[in-house]
Amino acid sequence: MSMKIRWKDLPISQKILCEILITAIALFVSNLLIYNQINQMVKRMDSVYTSNVNLGELSDHLSDVQNYMYRYLEVKDSLSLTEYYRSEQEYRTLLGALNTKITDNPIQILEKNIRSMSEEYLRLTNETVQAKRGLNIAKYKSLYESSLGLYRFINNDISELNSQQFKNNSASYRTLQAALQYLEIVCLVILVVIMLISLSIIMMITKGIVTPLTNLADTAKLVGEGNFQVKVASIESNDELGIVTKTFNQMVDSLSEYVNKIKESAEKEQEMMERGYQMESHLKEAQLKYLQSQINPHFLFNSLNAGVQLATMEEAENTAVFIEKMADFFRYNVKKSMADASLAEEVETVNNYIYILNVRFAGEILFTSEIDQNVLVFRIPSMILQPLVENAVNHGIREIEWEARISLKIKDLGDMIEIGICDNGVGIEPKRLKVYNDEGIFVSRSDSTGIGLGNVISRLKLYYNSDQVLKIYSEGVNLGTTVCLQIPKKEVV
Amino acid sequence: MKKKRMIVLAGIGFFCIAFMILLTYSFFDHVLKQIGVDNAENSHEYNRHYVMLVDNMESNFWQDVYACIRDEAANVNAYVEFKGKSLTSEYDMVDYMDMSIAAGVDGIWLEYTGEVGLMEKIDEAVSGGIPVITILNDAPVSKRSSYVGINTYQLGQDYANEILDIIPNDTETYKISVLLRNHEPNSSQAQIFSQIYNRITMLEQTSGRVVVEEINIPSGRAFESEEIVWELFQSEAEQPDMIVCLNEVDTDTVYQALIDYNRIGKTQLIGYYTSDTALDAVRKGTMSKTLYIDIREMGKFSIQAMTECLSDGRTNSFYSVDLHFVSQSDVSQYRKRE
C-alpha cells in the first residue's frame with residue numbers, strides 16, 4: 001500500500017531542502033533555456049558573415065579561371081591548362097551552392113544571374129581554350145573578348161551580391177545584437193522574478209516555522225507563571241513543530257493534573273493532620289479520664305472519719321491517727337483524681353502512704369525525704385509520687401532480708417524539678433532495665449492501690465508530651481532501684 | 001489559507017517565468033526567421049524570369065511602368081528584373097543586353113536608346129530564343145519581337161495640336177524649343193519632333209512667325225539637362241516662348257528653371273508624364289499641359305506581348321498605348337485616376 005506523503009508532514013529540514021531544490025531547479029531550467037537561446041544566437045552571429053566569406057571564395061576562383069585561361073592563351077603550357085581545369089572545376093562546385101530559382105528576392109535573383117552567366121562564361125572559356133588548342137587565333141581572340149566581358153559582369157554581380165549580403169548580414173548582426181541585449185534584460189527579469197518568489201516562499205515557510213515557536217515560547221512563559229489553562233493552537237502538520245506543540249500541550253495538561261493532585265493531597269494531609277491532633281488530644285483526654293477512672297476509692301472516707309471518732313472515743317490514739325491518715329490518703333485520691341495537684345500535696349500523700357504501710361508492716365520501711373521547699377508550690381499531675389513509692393515498696397523492698405530504705409529527693413534544677421525515689425531493694429537486671437526504659441512495659445500487682453507504674457508513665461508522657469520524663473536506674477540485682485522524674489516547672493493556677 | 005497563498009504565489013511565479021520564457025522563445029524564433037537566409041522564405045517563386053532595361057532607372061515614369069509590368073507579370077507567374085542605366089551604373093545598354101543574354105532570361109523589355117551595337121544585341125537575343133520587346137522607344141529595323149508604346153506619328157500630331165492651342169494668334173514671333181534626348185534619325189523622339197515641326201511650320205497661320213527648334217541633350221552625363229536649360233535662359237539669343245519636353249526628367253528640370261529664372265507665364269511649358277510635380281504645376285497653371293501615358297495599359301500590353309511571343313512564337317508588332325494631354329481643366333480627373 002502506497003503511503004501518500006503530505007507536505008505538512010515532512011520534516012522542516014526536508015521542507016527547506018525541497019524549497020531550495022525547487023528554486024535551484026527553476027533557476028537552472030530558466031538559465032538553461034536562456035543559455036540555449038544565447039548559444040543559438042552566438043552560433044548565428046558566428047555564421048552571419050559566412051555568406052560573404054563564401055562569395056569571396058567564389059570571386060577568387062572566378063579570377064583563377066580567368067587568369068589561368070589568360071596564361072594558357074599567352075604561353076600555352078600544360079601547367080596553366082591543368083590549373084585552368086582545376087579552378088574551373090572548383091568554380092563549378094562553388095556555383096552549385098547558388099540559387100537557380102526565379103524569385104522576387106533580389107539576392108536570389110542575383111545569385112541566379114551569377115550562376116547562369118557563369119555557366120555561359122565557362123562555356124565561353126572552354127571554347128576559347130579549345131580554339132587555342134586548335135590554333136584558331138581569330139576565334140579564341142573574339143571568344144576571349146566575350147568571356148572577359150562576361151567575367152567583368154560576373155565579378156560586378158558578385159561584388160553587388162556581396163555588398164547586398166553584407167548589408168543584410170549587418171542588419172542581421174544588429175538585430176542579433178539588439179536581441180542579445182533584450183535577452184540580457186529578460187534574463188535579469190526572470191532571475192529577479194524567481195528570486196522574489198523564492199524569497200516570498202522561503203519567508204512564508206520560515207514564518208510557518210517561527211510563528212509556532214514564538215507561540216510556544218509565549219505559552220511556555222504563561223505556563224511558567226502558573227497558568228495551566230493556556231494551550232498552543234494546535235498545528236495540523238506532523239513535522240517537528242507539530243510534534244513539539246502536541247507534546248507541549250500534553251505536558252501542560254499533565255502538569256496541570258499533577259499540580260492539582262499535589263494540591264489535593266496537601267489539602268488532605270492538612271486535614272488529616274488536624275484530625276490527628278484532635279484525635280490525639282481526645283485520646284489523651286480519654287486516656288486521662290480512663291486512667292483516672294481506674295483509681296477506684298475502695299474506702300469510704302466518711303466511714304473512716306467515723307472510725308477516727310470511734311478510736312478517739314475509745315482513746316486509741318494510734319488507731320485514730322492511722323485511720324485519719326488513711327482517710328486523708330483516700331480523700332486525696334478521690335479529690336485529686338480529676339485535676340492537677342501541687343507538689344506539696346503529692347509529698348503529703350506519700351507521707352500518708354508510708355505511714356499507713358509502716359503501720360501495716362510494723363515499721364519495716366525507713367523513709368527519708370530531702371526536699372527543696374521552694375518547688376513544692378509547682379504543679380504536677382495528681383497521683384504520681386504515691387504510685388512510684390508504692391512501686392518501690394512492692395517491687396523493690398518487699399522481698400528483701402535487709403533493712404528496707406526508701407528515700408524521696410526533690411531538687412530544684414532551675415527550669416526543671418528533679419524528683420528521685422530510691423530504694424535499696426532487689427534492683428533490676430540490666431537486660432530487663434533496658435526493656436523498661438525502652439518500652440515502658442510494666443505489670444501491676446493485684447494488691448496495689450490501683451495505679452501501676454505503667455499508668456503513671458503513660459500519664460506523664462501524655463501530660464508533658466515527652467518520653468523522657470521518667471528514667472529508671474539500677475546498678476544490678478539487689479543493688480536497689482532509683483526512679484528519676486524530671487518535670488518542667490508549672491505554676492499552680 | 002497560508003498553503004493556498006503559497007500555491008497561488010508559486011503558480012503566479014511559474015506563469016510569469018513560463019510566459020517570459022515563451023515570449024523570449026517566440027521573439028528569438030522571430031528574430032532568427034527575420035535574419036534567416038536573406039528573407040528567402042518570404043519570397044515567392046516564379047516560372048519565368050524577365051528583365052526590363054531602361055535608360056534611366058531613377059525616373060519616376062519608368063519606376064511606375066516597372067511597377068505595373070511587375071504586377072501584371074506576377075499574374076502570369078513571372079518575375080521582372082529591373083535594370084538599366086543610373087547615375088552610379090558603369091554599364092551601357094549593350095552591356096545590360098549582354099548580361100541578360102548570358103543570364104539566360106526568358107524575355108527582355110528594352111527601352112531602345114539608339115546606342116551603337118544595341119540593335120545587334122537585340123538581334124542576337126532574338127536569335128538566341130530570347131524575345132525582345134521594345135517599350136516606348138522602338139527599334140523598328142531590328143528583329144525585336146514587338147513594340148509597346150506610343151504611336152509617334154499620332155503623338156507628334158497631338159503635340160502639334162496642343163502647341164497650336166497655346167500659340168497666341170497676335171504675336172509676330174514665337175519660339176518653340178523642343179528638348180530631345182535621342183537625336184538618332186529613326187528614334188521616336190526625332191519622329192515626334194519632325195511631326196511637330198512639319199505641322200507647325202506648314203500651317204498657314206503659324207508658318208513664318210513661329211520658330212520650332214530642337215535642342216539635343218546628350219545622354220549619359222549627369223545634370224546635362226540643367227546645363228542646357230541654364231544656357232537656354234542665359235543666352236543672348238531670343239528666349240523661347242514655349243518649351244516642349246519629351247522626357248520626364250527634363251520636364252522637372254525645365255519647370256524648376258522656369259521658377260528660378262522667373263519665366264513663369266512668359267515661357268509656356270508642355271511637360272511629359274503625370275508625375276506629382278507636373279500635375280501640381282498644371283493645377284496651379286504654371287505648366288500649360290503635360291502628357292499622360294496610360295502606364296497600366298502599357299504594363300498589360302507588355303505582358304500580353306511577351307506571353308504571346310513565348311507561347312505562340314509571334315505577336316502583334318505594335319501595341320499602342322493610350323495618351324492624353326492633361327490641362328488645368330481636367331487635372332483633378334487625372335489625380336483621381338492616379
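Predicted model: local features only at pLDDT ≥ 70, side-chain atom pairs only at ≥ 80, totals over all residues.
Being 3 residues apart in helix α9 (residues 276-284) of chain B, Arg283(B) and Asp280(B) sit about one helical turn from each other. Chain B has 338 residues, 53% of them buried, and its secondary structure comes to 11 helices and 13 strands.

**Salt bridges**

- Back to that opening pair: Arg283(B) and Asp280(B) form a salt bridge, with their closest N and O atoms 2.9 Å apart. Arg283(B) counts as partly exposed at 42% relative accessibility, and Asp280(B) is partly exposed too, at 25%.
- Lys121(B) and Glu124(B) also join their side chains in a salt bridge, at 2.9 Å from N to O. These two are 3 residues apart in helix α4 (residues 118-127) of chain B, so about one helical turn separates them.
- Which of these two is buried? Lys121(B) is, with a relative accessible area of 16%, while Glu124(B) counts as partly exposed at 37%.
- Asp138(B) and Arg144(B) make a salt bridge as well, at 2.5 Å from N to O. Here Asp138(B) is buried at 13% relative accessibility, and Arg144(B) is buried at 15%.
- Over in chain A, a network of salt bridges links Glu83(A), Arg86(A) and Glu90(A).
- Counting over all chains, the whole structure has 20 salt bridges.

**Inside chain B**

- Among the contacts in chain B with a separation of 6 or more, 68% are between residues 24 or more positions apart.
- Have a look at strand β9 (residues 242-245) of chain B, which is covered on both faces. Met242(B) and Val244(B) are buried on one side, and Ile243(B) and Cys245(B) are buried on the other.
- In a regular strand, side chains alternate between the two faces of the sheet.
- Which strand does β9(B) meet through 4 bridges? That's β7 (residues 174-180) of chain B, and the two run parallel. Within this pairing, Ser177(B) has Ile243(B) as its bridge partner in β9(B).
- β9(B) is also joined to strand β10 (residues 268-272) of chain B, by 3 bridges and again in the parallel sense. Val244(B) finds its bridge partner in β10(B), namely Ile270(B).

**Where chain B meets chain A**

- The contact takes in 43 residues of chain B and 45 residues of chain A.
- The size of an interface is often given as the accessible area lost when the parts come together.
- For chain B and chain A, about 4000 Å² is buried between them, and carbon and sulfur atoms account for 68% of that.
- How many salt bridges are there between chain B and chain A? The count is 0, but there are 7 residue pairs in polar contact, both residues being at pLDDT 80 or more.
- Several elements of chain B each supply at least two residues of the side that touches chain A: α1 (2-34), β1 (45-46), β2 (48-54), β3 (78-84) and α3 (93-103). The largest share comes from α1(B), with 18 residues.
- Sorted by class, the side of chain B that touches chain A has 22 nonpolar, 10 polar and 11 charged residues.
- The two chains also pair strand to strand: β1 (residues 102-103) of chain A and β1(B) run antiparallel over 2 bridges. In this pairing, Ile102(A) stands opposite Tyr46(B).

**Backbone spots in chain A**

- Most residues other than glycine have a negative phi.
- Where is Leu135(A)? Look in the loop between α4 (106-133) and α5 (137-224) of chain A. Leu135(A) counts as exposed, at 58% relative accessibility.
- At 42% relative accessibility, Asn478(A) counts as partly exposed.

Key
Residues numbered from 1 in each chain as written. Chains lettered and ligands numbered in written order. Heavy atoms only, no water. Contact = heavy atoms within 4.5 Å. Buried area = accessible area lost by both parts, 1.4 Å probe. Salt bridge = Lys/Arg side-chain N within 4 Å of Asp/Glu carboxyl O. Polar contact = N/O pair within 3.5 Å; in protein donor to acceptor, adjacent residues only side chain to side chain. Nonpolar A, V, L, I, M, F, W, Y, C, P; charged D, E, K, R; others polar. Pairing = 2+ DSSP bridges. Buried < 20%, exposed > 50% of the residue type's maximum accessible area, 1.4 Å probe, protein only.
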